[in-house]
Amino acid sequence: MKYHFNEIEKKWQDHWAKNQTFKAENNSSKPKYYVLDMFPYPSGAGLHVGHPLGYIASDIYARYKRHKGFNVLHPQGYDSFGLPAEQYAIQTGQHPAITTAENIKTYRRQLDQIGFSFDWSREVRTSDPNYYKWTQWVFIQLFESWYNNETNKAEAISDLITIFEAEGNKKVDAICDDDTEMFSSEDWNSYSTEKQQEILLKYRLTYLAESEVNWCPALGTVLANDEIVNGVSERGGHPVVRKKMTQWSMRISAYAKRLLQGLNTIDWPKPLKESQRNWIGKSVGAHVEFKILNSESKISVFTTRPDTIFGASFMTLAPEHDLVQRITTPEQKAQVEAYIEATAKRSERDRIADVKTISGVFTGAYAEHPFTNEPIPIWIGDYVLAGYGTGAVMSVPCGDQRDYDFAKHFNIPIPNIFEGVDISKEPFEDKATTIIANSDFINGLNYKEATKKVIEALEKLGQGKRKINYRLRDAVFSRQRYWGEPFPVYYVNGLPQMIDEKHLPITLPEVEKYLPTETGEPPLGNATVWAWDTKSHTVVANDLIDNKTVFPLELNTMPGWAGSSQYFNRYMDPHNDEEIFSREAINYWQQVDLYIGGSEHATGHLLYSRFWQKFMFDKGLVPHDEFAKKLINQGMILGTSAFIHEAILGDKSLNVFISSGFFIGPNFLTSENDNWKKKELILKKKGISSEDLNKMTYRAIHADVSFINASDELDIEAFKNWRDEYNDAEFITDADGTFKVLREVEKMSKSKFNVVNPDQICEEYGADSLRLYEMFLGPLEQAKPWNTAGITGVHGFLKKLWKLYFDDNGLKVLDNEPTNDNLKTLHKTIKKVEEDIENFSFNTTVSTFMIAVNELTAQQCTSRAILEPLIILVSPYAPHIAEELWQQLGYNESIARATFPKFEASYLVERSKNYPISFNGKMRFTIELPIDLSKEEIEATVMAHEKTKAQLDGRTPKKVIIVPGKIVNIVG
């Protein structure tokens, strides 16, 4: 019976789907285990072989845990809101929902054919109104909450209102906007409703505020910092500028301390935790206020080095700082405005990373030093960011490299405040060895002593205090696009009002165009039915807006990370229409036990999800304030790209491609062969002179790997037909007529044309081969290159495994007793497989399987007692072949429920020893003897052996040397 893997895999995939084999129950006597993958965005390109790596690893672990007796939750869904579908809608007019649904069909087909044990009954899609109803619900809970520093948690905004009514806000220790004014209970009770709402917005955990954002005009939306790469949008590579907009924001900064502390309680990769620590960025220092001469305004700064305050020779504001326009003198106005405009074209990351460019403009204004009362010039510079700290810096050039470079460049004084230090060539930044000088009352003090004294003095003056600062900024939560969650918000007199929970979800309206409106409003501004009727509690036509009972709805939509910030909890009870999840479900599943996904989400999804979880914990909705106990970041499967080399003269393309054998470095090799002459003829035909021929270079461009054979030779006709511009291209081949390309390992990506489709691999080799090969490539966390040729090894292993159970006459498994060697092979395999899976060392398990099958084949093992547990061991890795063999062994129930074999150490204990029998030091034969025989018993057995008698030929040996467990040597 042959191994027909395509038939077998289709059979069992259909069986699993029909019988819902992997459906988890919310109540079970078994212990629970929750395995989760980061759900995919369903792109139009579908999966390539790099995508399933983490899914295969999690699936192995989920299947293993089922074998170990756990009730396993292993769900899957789709992060289905996203910019690509919207961009396609803009180009074609097709609704993003249609595009998304088509893409999901492709993803589901591909995921099913790889044999994942997902519980599809719990599938969620973030773009499904039944799902985003609960995203809207969480948003409302955040809006109705504030952060109480005294209790260190989020509390109901209604409680805060009660406090305001009784005693105002003077005793309230809350996270709120920096410009929040103090008021008494009398003040509060005298305020208008609008005024009260404006004040409450300064406390709410989600709030409206004007803020600096990354605006991408080409995409018509705001982008998060992690959506920008090298100053352009990650999607499409479009320019991004900084501009002020009124946006919804999440007050994640309230949780900065707890987000840092929580990292110590979870088993996540150290590099990822370090990324989050750096992103949150805790700093201890002082808040200092500098008065501005001839102005009532003040500049607030945060500094980690208050001991250096006497070295401050200028102030630097971010170009976007609110004070800049107010304090700039008429003489400096033109320069300042030009600089602000230029800075707006640079992303924050560019400004942080660019340490070489020194730029800035003097505002013409001066601050006053709090201790010396000396005037300090106020500059603006793009190395200061409006969103970090206060957007202002107390510039101490003798103690900071950027300040030093700035001062040198603009010829600003650099006073030296360090004892015994030369700052003529560079600043002094070692605070550990600092002794302060030229600084009045802190002369002679070290860093710690001086810092304490300065803070005390600032507090006496009322111009500063000790402060802990965090780099983490509140997260902008608005996007100017169509395909996202609508906000459950309408506006009365310009102030946001929440739609009652019982009327959720508020679903996306139909629009004619998916672009922003002609007046610059987001795409929802194109909707004609997008107003809220407070009487009927329904969405109605815009022309009914009267600002009495019918009001305008929010035009922005939520960002991509909104839907992914609670999906792991929704999986626990995905069909619950009454609540986000039941108390029974959340108390049973608790939290994710194992989460697998990419490290690129470190400061995006993984940080925002931790924030939402902590908020939900504060509200008593979840039992843990961290959503995932353990996280593994899978490595990347790299593609082997193909590069074809195009002849260029200067920057002009000649549409001539030259085989890689003709060049070294940037210059072509010279040659007298016919092909080189052919090259000259072709290029001269293109109008290239002999002189220019020598100046010619090349550039490498990607070619689709599907055009390249195993010998790195290009299919020229396929390449010419690939794109119109290549139809008439000339190709200079090697002497044998072939055209060689260069290969390079890099990220597998559609844009690099090095993608390998898993459909093709499953068709040619089977899903079990794909699963085994992806694990066999190397450690899960490491990057590894894909090589399709290598999959033949694991495919051959599966054929060999099949032959252990079948021969030409059918099933050959018998109920005979296993040999000691059989048992030893099985139990060392059980031990190694269990250890490897528990340590997520999946690559070494595949090697262990290969060794076991080779040994059992050599042992001619046919024992059911060995081959039955063996196939359970293989099952998590190659489930299709395992199911088929299990059924052929006589079982009707899926192997998924079979108990994992138990390791018995006794079978690894050596029971016998193969002794080499030597005569006068020369080994003549071997004999296997029980390991526990005494010397006398060994000698008696060896001397009675027929081969010993033949060697001695009647002679009596002089002596017999025996080393138990090692050798027997007969002398004489």
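**Entry 1: Asn655**

In which strand is the place of Asn655? I found Asn655 in strand E26, residues 652–658; strands (E, at least two residues) and helices (H or I, at least four) are DSSP runs numbered from the N terminus. I noted that the model is predicted, that local features need pLDDT of at least 70 and side-chain atom pairs pLDDT 80 or more, and that totals for chains, interfaces and linings use all residues. Residues are numbered from 1 along each chain as its sequence is written, and side-chain values use heavy atoms, with hydrogens and water left out.

I recorded a phi near 55° for Asn655, a positive value in a residue other than glycine. Is Asn655 buried or exposed? Asn655 counts as buried, because its relative accessibility is 17%. I applied these cut-offs: buried is under 20% relative accessible area, exposed is over 50%, and partly exposed lies in between, with a 1.4 Å probe and protein chains only.

**Entry 2: Other backbone points**

I looked up Asn547 next, which lies in the loop between strand E21 (538–540) and strand E22 (550–552). The phi of Asn547 is also positive, near 55°, and Asn547 is not a glycine. At 48% relative accessibility, Asn547 counts as partly exposed.

I then noted a cis peptide bond from Leu504 to Pro505, with omega near 0°. Pro505 sits in the loop between strand E19 (495–498) and strand E20 (531–533).

**Entry 3: The chain as a whole**

I counted 30 helices and 38 strands in the protein chain. The C-alpha trace spans about 120 × 85 × 75 Å along its principal axes. Of the 972 residues, 53% are buried. The chain exposes about 43,500 Å², of which carbon and sulfur atoms supply 48%; the areas come from the Shrake-Rupley method with a 1.4 Å probe, and for residues only the protein chains shown count as cover.

I also checked the contacts, where contact means heavy atoms within 4.5 Å. Among contacts with a separation of 6 or more, 71% join residues 24 or more positions apart.

**Entry 4: His287**

I located His287 in strand E10, residues 282–292. His287 is buried, because its relative accessible area is 15%. Which residues is His287 in contact with, leaving aside neighbours within four places in sequence? I listed Ser300, Val301, Gln463, Gly464, Lys465 and Lys467. I also looked up the separation of His287 from Gln20: 267 residues in sequence and 60 Å in space, C-alpha to C-alpha.

**Entry 5: H25 and H26**

Two packed helices are described by the angle between their axes and the distance between the axes. The axes of H25 (residues 820–838) and helix H26 (residues 842–858) come within 9 Å and cross at roughly 170°. Axes are lines fitted to C-alpha atoms, for helices over the stretch in contact, and angles run from 0 to 180 degrees between N-to-C directions. H25 and H26 are therefore roughly antiparallel to each other; angles over 145 degrees count as such, those under 35 as roughly parallel, 65 to 115 as roughly perpendicular and the rest as oblique.

I sorted the residues of this contact into six nonpolar, six polar and four charged. Ala, Val, Leu, Ile, Met, Phe, Trp, Tyr, Cys and Pro count as nonpolar, Asp, Glu, Lys and Arg as charged, and the others, Gly among them, as polar.

Thr829 is buried, with a relative accessible area of 2%. Not counting residues up to four places away in sequence, Thr829 touches Thr848, Ala852 and Leu873.

How do the axes of H24 and H27 cross? The axes of helix H24 (residues 791–805) and helix H27 (residues 864–874) come within 11 Å and cross at roughly 155°. That makes H24 roughly antiparallel to H27. I noted that Leu801, Leu804 and Tyr805 in H24 meet Leu867, Leu870, Ile871 and Val874 in H27. The residues of this contact are seven nonpolar, no polar and no charged.

Among the buried residues of H28 are His880, Glu883, Glu884 and Trp886. The cover over the buried residues includes helix H1 (5–19), helix H2 (52–67), H24 and H27. Just after H28, Gly890 takes a positive phi of about 110°.
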